[in-house]
2 protein chains.
Amino acid sequence: MSTLHDSIFLKNLRGEPTDRTPIWVMRQAGRYLPEYMAVRKKLSFNELCRTPEAACEVTMQPIRRFGFDAAILFSDILVPLEPMGAPFHFGDGGPKLQRPIRSEDDIRNLNVTEAREGTGYVAEAIKLIKGELGDKTPLIGFAGSPFTLATYLIEGGGSKNYENLKTMLYSRPELLDELMDKLTDQIIDYLAMQVEAGVDAIQLFDTWGGILHPQDFDKVILPRVRRILDSLADSGVPRIYFLKGNAPFLESVKTLDVEALGMDWTMDLSDGIKKLPNYSLQGNLDPLVLYGDHDQIRSRALEICRKGTEAKGHVFNLGHGILPKAPIAAVETLVETVQGFRR
Amino acid sequence: MSTLHDSIFLKNLRGEPTDRTPIWVMRQAGRYLPEYMAVRKKLSFNELCRTPEAACEVTMQPIRRFGFDAAILFSDILVPLEPMGAPFHFGDGGPKLQRPIRSEDDIRNLNVTEAREGTGYVAEAIKLIKGELGDKTPLIGFAGSPFTLATYLIEGGGSKNYENLKTMLYSRPELLDELMDKLTDQIIDYLAMQVEAGVDAIQLFDTWGGILHPQDFDKVILPRVRRILDSLADSGVPRIYFLKGNAPFLESVKTLDVEALGMDWTMDLSDGIKKLPNYSLQGNLDPLVLYGDHDQIRSRALEICRKGTEAKGHVFNLGHGILPKAPIAAVETLVETVQGFRR
C-alpha cells in the first residue's frame, strides 16, 4: 500500500478510522488567491482550463499555501461539453453557450464519442499534477452531473428559474431524457479518462439537482447519477456525490452506491449523519462564515468536526464553493482549526 | 356566521372538511395578466402600491378573470420599510434600497412607531377591496418575514449570496438581532393594521429564510416568526407561514402556533403531510408547470389535489410566485382542474 492510499482523505471516504479530520474546500484553486489572480492576468479562464502546465500550477497553489489534505483538478464542469459540439465562453456573467440546445435537432447533433480525444488536455493536466503531488496528497477529479450540465446547455448559461429546461421537462420530457442520456454517456467516458490518468477520487457535482420535485428527481436525475457512479464502482477510486439542497431528496440519494455524500450548510451535520449512517459525509460550513469573526470560524468549524466524529467518515469542506472575497487569513484559521482537531 | 367564514379557503385553513380544494396562486395579481400590464402602463409599481383604487383594481382582476377562491392584497413586502426610514424603488433588476442598512447607526436610526400611519394607503386599499369582494371571496393580507426584509435592507436589494447579511451574522450577531427585533415590531403593527382594516387571513412570506444553518434559523428567525404569529393568535384571522426551501427546518417550523404552512415543490406533498400532520398545508405546484403541456398541468394538479385530501386541510397553490410569461390558458386549465376535483 502506498502512502497515498493511507491518506486521511481517502481513509475517511472509505470509512476507515483516522486521528484527525481531513479538509479541502470547493473552488480552493480560485479567485480568492492572489497567486491565482496573477495567473489569470496572463490567461483567460478558458485558456487556463486548456493549458495543462497552468492548470497544474493553480491546482498546486492552495496545497502549497494551506496544506489542504486533498487537491482538486483545476477545470470547469462545462469542459466535456465542447467536444460534444456545444462550445461556450466565460464572461463576467458566468458561462455562455455559443447557442443553447433546445430542439430535437440540437440534441441529435450532440456528439458523444469524443470525450477522451476532445479533452486530452485534462488527462495531461492530471498527469502533471500527480507528478507534483507525489505520494503526499491525493487528487480529486470531477464532473458536473448530467442534469446540472443540461441546465447550462438548455438555458445557454446560468439561470434563475430554468424556464427553458422546465418547459422541456413539462412538455417534451422524452427530449430531456435523450439529452440526459447523451450527457451521461459523455460523463462516464470523461470520468473513466480521469481515472485512467490517475485521479485518486471523483466528485460528481449536482449543483442544480435540487430544483425539481422529488418524483422528477427520481425519474430524471437519479437513474443517470446511479449509472455514472456504478460505472466507477470497480475502479478502486472512491466517489463523492454533491447534491446542493439535498434535504428533500435523501430517501432517493440513499439508494446510491457511493462512498461519500456532500452536504451544504442548510442541513445540520448531525441530522445528516442520523439519516445517512451508511455514507461518509463531506461538508458543511457556510462559505460566508469565512467573512466573519475568527472566533466564529473556529467555533463553527470545531462544532462540525465534533459532529463529524459520529459519521462513518467525515471530510471537512464548505457547503459550496469558496467566494472570491474570502480573506486568506480566514482560510488559514479554518485549516489550522480543522487540522488541529483531534478525534 | 357569514358566508365568508364558511368559504372553502378559510375552512381549509382551519382544517374543516370541504367538498373541493380551494385555489389561489402567489402573485396572482401580476405581470402575466394583460389587464394588470395595462394598469402598469399608467402607474409605476411603487405608485400602484400607494394608490388604493388602483391596488384594489389589480387585486380584483384575477378574481374576475379566473374565480380564484381567495384574493390577495396587491402590495409589496417592502412597503412597511419606507415609514421606518428605509425608502426604496423598483427598477428592472428588482427593488433597490436608497441606502443599505449595515451599521449600528443605520439600525438605530430605523423608526418603528409609524407602521399604521405611514401605510394608511394599505388600510384604505383593504377596505376598498373588501367592499368589492363582498361576502363571496376572502381577502389575504400579508407581510414579509423580518429575516426576508432584513436581507433586502442589508444587501440593498436582491442578492445571490447575502454577503453583507452573513458578514453581520457571523461577526456582529447582536446587530442583526437588533435589526430583527425592530422589523418584528414593525411587522406586528403592520399586520394588526391589516387585520383591523378587514383582511380574512394573513400570509407571512419567508422567501429567504432557507439560506441559514438550522441552528441559525432557530436563533435568528424562529423566535421572531413565533412572536409575529402569536401576536395574531387571538385575532380570529387564520395565519399561513410560507418558508421557501423549508425541508431542512420542519422540526423547528412545527413548533409554531399557526394554522397553515406553505410548501414549495421541492418536497412531495404527501411527505409534508406525514411530517406536518397538525397543520393545514398550502401548495405546491412548480410554477413552471404552467409553461408545459395542458395534460401535464392537469395530471400534476390532480395528483396534488388527491394527496392534499390526506392533510388536515389543503389549499392549492403554486410553490412560489407565478411567472410573468405564464400563459393565461394554462392558468385557466389549472383553475378548472383544481375546482373540478371532488374530494
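Helices (H or I, at least four residues) and strands (E, at least two) are DSSP runs, numbered from the N terminus. A:Leu323 sits in the loop between strand 9 and helix 15 (328-340) of chain A.

This is a predicted model: local features need pLDDT of at least 70, side-chain atom pairs count only at pLDDT 80 or more, and totals for chains, interfaces and linings use all residues. Residues are numbered from 1 along each chain as its sequence is written, while chains are lettered from A and ligands numbered from 1 in the order in which they are written.

**A loop residue**

Burial is a count: a residue is buried if 20 or more other C-beta atoms lie within 10 Å of its own, exposed if 12 or fewer, and partly exposed in between, with C-beta atoms placed from the backbone. A:Leu323 has 18 other C-beta atoms within 10 Å, so A:Leu323 is partly exposed. Two residues are in contact if their C-beta atoms, placed from the backbone, lie within 7 Å. Leaving aside neighbours within four places in sequence, A:Leu323 contacts A:Tyr32, A:Pro287 and B:Asn161. A:Leu97 lies 226 residues from A:Leu323 in sequence and 23 Å away in space, C-alpha to C-alpha.

**Chain A overall**

Chain A has 15 helices and 9 strands. Its radius of gyration is 19 Å, close to the 20 Å that the globule rule gives for 343 residues, so chain A is as compact as a globular protein of that length. The radius is taken over C-alpha atoms, and the rule is 2.2 Å times the number of residues to the power 0.38. Along the principal axes, the C-alpha atoms of chain A fill a box of roughly 55 × 45 × 40 Å. Buried residues are 53% of the 343 in chain A. Of the contacts in chain A with a separation of 6 or more, 74% link residues 24 or more positions apart.

**Sheet and core**

Two strands pair if DSSP finds at least two bridges between them. In chain A, 7 strands form an open sheet with parallel pairing, in the order 1-4-5-6-7-8-9. Its edges are strand 1 (71-72) and strand 9 (314-318) of chain A, each pairing on one side only. In strand 8 (residues 280-285) of chain B, 6 of 6 residues are buried.

| Strand pair | Bridges |
|---|---|
| Strand 5 (residues 201-206) and strand 6 (residues 239-243) of chain A | 5 bridges |
| Strand 7 (residues 260-262) and strand 8 of chain B | 3 bridges |

A nonpolar core is a set of buried Ala, Val, Leu, Ile, Met, Phe, Trp, Tyr and Cys residues joined through C-beta atoms within 7 Å. The largest such core holds 229 residues, and A:Leu73, A:Ala150 and B:Leu73 touch the most other members. Beyond four places in sequence, A:Leu73 touches residues including A:Thr59, A:Ile126, A:Phe142 and A:Val199.

**Symmetry and interface**

Copies are superposed by least squares on the C-alpha atoms of residues with pLDDT of at least 70 in both. A rotation of 180° with 0.0 Å of shift along its axis places chain A on chain B (RMSD 0.0 Å). That is the relation of a two-fold axis. A:Ala247 comes closest to the axis among residues of chain A, at 3.1 Å (C-alpha).

The contact takes 25 residues from chain A and 25 residues from chain B. Helix 9 of chain A gives the most to chain A's side, with 5 residues. 100% of the interface residues of chain A are also interface residues in chain B, so the copies meet through the same surface.
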